[in-house]
Amino acid sequence: HASDPAAGDRARALDAHVFHSWSVQGQTNPFAIAGGLGTTVWDHDGREYLDFSSQLVNTNIGHQHPKVVAGIKAQADILTTVAPATTNLVRGEAAAAILAHAPGFQSVFFTNGGADANENAIRMARLHTGRDKVVSHYRSYHGNTGAAVVATGDWRRVPNEYARGHVHAFGPFPYRSEFWSQSVEQECERALQHMRRVIEAEGPESVAAILVESIPGTAGVIVPPPGYLAGLRELADRFGCMLILDEVMAGFGRTGAWFAHDDHDVRADLITFAKGVNSGYVPIGGVIVSPEIHETFSGRVFPGGLTYSGHPLAAASVVATLDAMASEGIVDNARRIGADVLGPGLAELAAKHPLIGEVRGVGVFWALDLVTDPGTREPVGAPVIGALKGALLQRGLLPFAADNRIHVVPPCVVTDDEAQQALAIYDEAFAEVGASL
Ligand code: PLP
């Protein structure tokens, strides 16, 4: 890839015309990405970076996978758009390809991304049960639309709290327990007891759904203890409400399984997805619908839809992505890299650098919980995270940072070599920043 600094200057100058998400406008980020391939991206000077952010944890198949790019191009020659009510071959193929990984489910409602997937799952649960409230977790992110952002359990909810009928409960988090737990088993039991009490106190007959991320992602890759998700299923059955599992970030390979909850012996009523289903090459998301909920709308209108629902270019990219992920063993690669390289490698870094309080994760979905003191577990502040981001970028690694954490989230196609290179870079960056404190 050729160096073209003038293009970089132009990209930065024109960025002033872009109103950015979740940002103070005018605080421009000088880092411009010109292109990418697999786990690597490069800037306009031709400098390469290992993309250990997967952008927003979405490029599960890596950048510019040739089969996915070819699938989009081929569909562009056939039909680039079609109304959502029209029968269309590639849309049906995409739905079938998704359902192949969700046995027992009936159909897929397509959206443009993850937020509107949760939005519509919530609506389905409300109409199916005739109830109103949605119980979700503090420490969660469900997207930036009306109900999804209010179901969210982080700072982004508070300035956007205009939807009604949302209730929050704490989920299990052994490292930072809200329940004074001494063990993972106790944390699981107490979190389930807390959830049960919240539903009882809210009035179970008013609760339409429990909505949780199978593994809370942006909140810190908080893998639930064994039995927690199955316990939520039992509560949903006991109180007659729906269980919605948000697999937007955790799904389609990130954990080394097609869905993160595949490892947790739990059945959802609705599964929401986006990101990894096509790595975001063309915007798409959706809701995977159980036969019971599908049946509710077989004789009555579902009052919801989107002009671009099941967009043909996006649908073609889903078909190509899922096909390539299966035939190239990409999901298995994520599992193996996590178990053999990233898991042990990150644990070694934690043993060496006192800044790293805990390493959590599975597959290519990891968080380093950074602390000022391993004893008190006091989270590090923004300056430490800023220094680490700078040190990583300077060494050619594109990081993902959230609150007091660095998330280690490469594409599922990451190779052993790339993972080893990244571990060496993290090691150097932690040494440099640790020494400066
Ligand atoms: N749900 C989860 C778990 C997410 O991580 C995200 C995005 O990060 C969303 C929903 C929202 O998805 P989107 O940004 O595609 O609307």
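What you're looking at is a predicted model, where local features need pLDDT of at least 70, side-chain atom pairs count only at pLDDT 80 or more, and totals for chains, interfaces and linings use all residues. Residues are numbered from 1 along each chain as its sequence is written.

**Between the domains.** Across the boundary, 27 residues of domain 1 are in contact with 27 residues of domain 2 (contact means C-beta atoms, placed from the backbone, within 7 Å). On the domain 1 side, the elements giving two or more residues are helix H2 (54-57), H11, strand S11 (356-362), strand S12 (365-370) and strand S15 (405-408). Helices here are DSSP runs of H or I with at least four residues, strands are E runs of at least two, and numbering starts at the N terminus. H11 gives the most to that side, with 5 residues. By class, the side has 12 nonpolar, 9 polar and 6 charged residues; Ala, Val, Leu, Ile, Met, Phe, Trp, Tyr, Cys and Pro count as nonpolar, Asp, Glu, Lys and Arg as charged, and the others, Gly among them, as polar.

**Helix pairs.** Axes are lines fitted to C-alpha atoms over the stretch in contact, with angles from 0 to 180 degrees between N-to-C directions.

| Pair | Angle | Axis distance |
|---|---|---|
| H4 (residues 89-99) and H10 (residues 312-327) | about 40° | 8 Å |
| H11 (residues 330-352) and H13 (residues 416-436) | roughly 10° | within 10 Å |

H4 passes H10 in a left-handed crossing, and the H4 residues involved include Val90, Arg91 and Glu93. That contact has 10 nonpolar, no polar and 2 charged residues. H11 and H13 cross right-handed. (Left-handed: the near helix is turned anticlockwise from the far one by less than a right angle; right-handed: clockwise.) Among the residues meeting there are Ile337 and Val341 of H11 and Tyr426 and Phe430 of H13.

**Around the ligand.** Of 16 residues around the ligand (C-beta atom, placed from the backbone, within 6 Å), Gly113, Gly114, Ala115, Gly143 and Val248 come nearest. Helix H5 (residues 114-129) gives the most to this shell, with 3 residues. The shell divides into 6 nonpolar, 8 polar and 2 charged residues.

Notes: Two residues are in contact if their C-beta atoms, placed from the backbone, lie within 7 Å.
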